[in-house]
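Subject: A structure for you to explore

Hi there,

Here is the structure I promised to pass on. Have a look at it first, and then read my notes below.

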Amino acid sequence: DDGTWASKLRLDHPLLIAEAIKKGAFSDLSPEVTAGCIALFIWDRDQQVDMSIEGNENLDIMEDAFDRVIEGIEGIRDLMVKRGFKNPPIPFWPAAVMFLWARGVSWERILSYINIGEGDLASLIVRTADHLRQVAAISDTHPQLARAARRAIDLILREPVYIP
């Protein structure tokens, strides 16, 4: 049964994302946190990105969800390494950035927190939205997650990334 719904996920790292879903790491998450958790699997560049969040931005809920996802996929990542597959690091910053963006933090403020260009940020947002569309497609088996994914898309596709 897991293979049937997981086969609908046409995205980067489908095995890892499906395992996290199966282990319950995506259960009962808000749309903002769902966007952040999906963004974890988007950044594929071997580039050091520094993040410095200032002010009253609270990332506790995103940090807890990050830990849940990493813990949920730890076993499959270990198995992948044993079998000779690449196991790229999963940095926290994409989750934090997407979570804050979904919560309505401004474009300029997000860019002040990280050392990536505007095009890279726009790409992260658009690719996250594409992945969220794939997650929304498993509504038959994971209706709550699919609803959160659809709502997350609406939250992250806003100006200047998406102009209606």
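How many residues of the lining of the largest cavity are nonpolar, how many polar and how many charged? Before I answer, please keep in mind that this is a predicted model.

The lining of the largest cavity has three nonpolar residues, one polar residue and four charged ones. You can find them yourself: the lining is made of Ile 42, Trp 43, Asp 44, Arg 45, Asp 120, Ser 123, Leu 124 and Arg 127. The volume of this cavity is about 50 Å³, and the count of cavities of 30 Å³ or more comes to one.

The largest pocket holds about 370 Å³ of space. Its lining has 19 residues, and those nearest the centre of the pocket are Trp 43, Arg 45, Pro 88, Pro 89 and Pro 91. Here the lining divides into eleven nonpolar, three polar and five charged residues.

Next, please look at helix H3, residues 31-39. Eight of its nine residues are buried, so the rest of the structure largely encloses this helix. The buried ones are Pro 31, Val 33, Thr 34, Ala 35, Gly 36, Cys 37, Ile 38 and Ala 39. They pack against H2 (14-22), H4 (60-82), H5 (93-102), H7 (118-136) and H8 (143-156).

Now for the largest nonpolar core. It contains 59 residues, and the ones that touch the most other members are Phe 26, Leu 121, Ile 125 and Ile 156. At least two residues of this core come from each of H2, H3, H4, H5, H6 (107-113), H7 and H8. H5 gives the most, with nine residues.

- Lys 23 and Glu 19 meet through their side chains, at 3.6 Å from N to O. Lys 23 is exposed, with a relative accessible area of 53%, whereas Glu 19 counts as buried at 14%.
- Glu 57 pairs with Arg 109, with the closest N and O atoms 3.4 Å apart. Glu 57 is in the loop between H3 and H4 and Arg 109 is in helix H6, so this pair ties together parts that are 52 residues apart in sequence. Glu 57 is buried at 15% relative accessibility, while Arg 109 is partly exposed at 35%.
- Asp 130 pairs with Arg 133, and their closest N and O atoms are 2.6 Å apart. Both lie in helix H7, three residues apart, about one turn of the helix. An α-helix has 3.6 residues a turn, so residues three or four places apart point the same way. Asp 130 is partly exposed at 37% relative accessibility, and Arg 133 is partly exposed at 40%.

Finally, here are two details of the backbone. The peptide bond from Glu 159 to Pro 160 is cis, with omega near 5°, and Pro 160 lies in the segment after H8. Asp 28, in the loop between H2 and H3, has a phi near 60°, which is a positive value in a residue other than glycine. Asp 28 is exposed, with a relative accessible area of 59%.

Enjoy exploring, and write back with any questions!

Best wishes

Terms used. Residues numbered from 1 in each chain as written. Predicted model: local features only at pLDDT ≥ 70, side-chain atom pairs only at ≥ 80, totals over all residues. Heavy atoms only, no water. 1 Å grid on protein atoms, 1.4 Å probe; cavity = no way out; pocket = protein on both sides within 12 Å on 5 of 7 lines; lining within 4 Å. Points joined across faces, edges and corners; volume = space filled by probe spheres on them. Nonpolar A, V, L, I, M, F, W, Y, C, P; charged D, E, K, R; others polar. Buried < 20%, exposed > 50% of the residue type's maximum accessible area, 1.4 Å probe, protein only. Helix = DSSP H or I, 4+ residues; strand = E, 2+ residues; numbered from the N terminus. Contact = heavy atoms within 4.5 Å. Core = buried A, V, L, I, M, F, W, Y, C linked by side-chain atoms within 4.5 Å. Salt bridge = Lys/Arg side-chain N within 4 Å of Asp/Glu carboxyl O.
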